[in-house]
Amino acid sequence: MNDRRRKVVIVPCSGIGKTYGTVSREAAYEVTEDMRPADTQLVALSLLVLGDEDARAAVAGNPAVTIDGCKLACATKMVEESGGTVAQDFAVLDAYRRHRQFKPQGIAELNEGGQKLAHALAEEVAAVVDDLSRDGGEDA
Amino acid sequence: MPEFLELTVDKFTFRTATDRYYNSEGVWALTEGNRVRIGLSDFLQQRSGDVAFAEVKPEGTVLALGDEVAMIETIKADVSLPSPVAGKVAEVNSSMDITPEVINQDPYGEGWLAVIEADDWESDRARLLDAQAYFALVQEQAEEEMKKL
């Protein structure tokens, strides 16, 4: 069956070795693999940086939600530079300010606080995905 | 507007305001009569990273020189900030509760932490670094950081 629904593209931070980057990716995985697999597509920031055609086409043809690990906002900037539209940008630091009880630590493996923060952020992203899917999920 | 000494290391540029004094940890002190406004140097805020939370000792707190006047939690670490002056906390920047990122955005201006009623500013000042001396320390510390990369 051909899936004609537009998917929301999720683009997390690619910062390797950074706690907040790891939180952004864990949140993205949870949304795309567990929470909203039918409505979302994960696009690796590194592919956009490399100019991968499929990745560029995905962000150019679908609304994007970015999850940045720091104020450099690489994910948001790269989606825009790739011709995409950022429907909503999230920053892990802002999420932490909203959920101070979940202090993230660790890099390869997040501590419990980091995992909970990623989950809380994933729920916020999923809510935006739901809004976007309601607003224009069908292709014309 | 203060003037600045600027140091560029790799992709980073660190500014040191010339109109104030610094302790070696990078907390600046700017006199306003018998009151002293304090905050983080540009080098310290960049080195510490994006600030998530800032907790400044409340008004009325009595501080000895070097006592912790604030704690900032950044994306990298929790950083304890020693007071560059002894005295009583007279005013706390209310932005610290709501928008502590102002420390990163404007460390020498809107990102100030507190105002201290100094017990003996002249005595404390003698223990602080002037802008040139602090700038030299920043150069030294920045070069040390580069060697770790």
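Analyst: Let us begin with helix α4 of chain A, which covers residues 74-81, and where the buried residues are A:Ala75, A:Thr76, A:Met78 and A:Val79. Please keep in mind throughout that this is a predicted model.

An α-helix has 3.6 residues a turn, so residues three or four places apart point the same way.

Why does A:Ala58 count as buried? The reason is that 22 other C-beta atoms lie within 10 Å of its own, and a residue is called buried when that number is 20 or more. If we set aside the neighbours within four places in sequence, the residues in contact with A:Ala58 are A:Val9, A:Gln41 and A:Val43. By way of a further distance, the C-alpha atoms of A:Ala58 and A:Glu33 are separated by 17 Å, the two residues being 25 apart along the chain.

Turning to chain B, we find an open sheet of 3 strands in the order β6-β8-β9, with antiparallel pairing. Because β6 (51-56) and β9 (78-82) of chain B each have a single partner strand, they stand at the edges, and one side of each is left without a neighbour in the sheet. From one strand to the next, the twist averages 20°. Strand β8 (residues 68-74) of chain B runs antiparallel to β9(B) and is joined to it by 5 bridges; within this region, B:Ile72 has B:Val79 in β9(B) as its bridge partner.

The two chains also touch, with 4 residues of chain B in contact with 7 residues of chain A. On the side of chain B that touches chain A, there are 3 nonpolar residues and 1 charged residue, and no polar ones.

Finally, a word on the confidence values that accompany the prediction. Chain B has a mean pLDDT of 96, with 100% of its residues reaching 70 or more, while the model as a whole scores ipTM 0.75 and pTM 0.85.

Definitions and conventions. Residues numbered from 1 in each chain as written. Chains lettered and ligands numbered in written order. Predicted model: local features only at pLDDT ≥ 70, side-chain atom pairs only at ≥ 80, totals over all residues. Buried ≥ 20, exposed ≤ 12 C-beta atoms within 10 Å, placed from the backbone. Helix = DSSP H or I, 4+ residues; strand = E, 2+ residues; numbered from the N terminus. Pairing = 2+ DSSP bridges. Axes fitted to C-alpha atoms, helices over the stretch in contact; angles between N-to-C directions. Nonpolar A, V, L, I, M, F, W, Y, C, P; charged D, E, K, R; others polar. pLDDT = per-residue confidence, 0-100.
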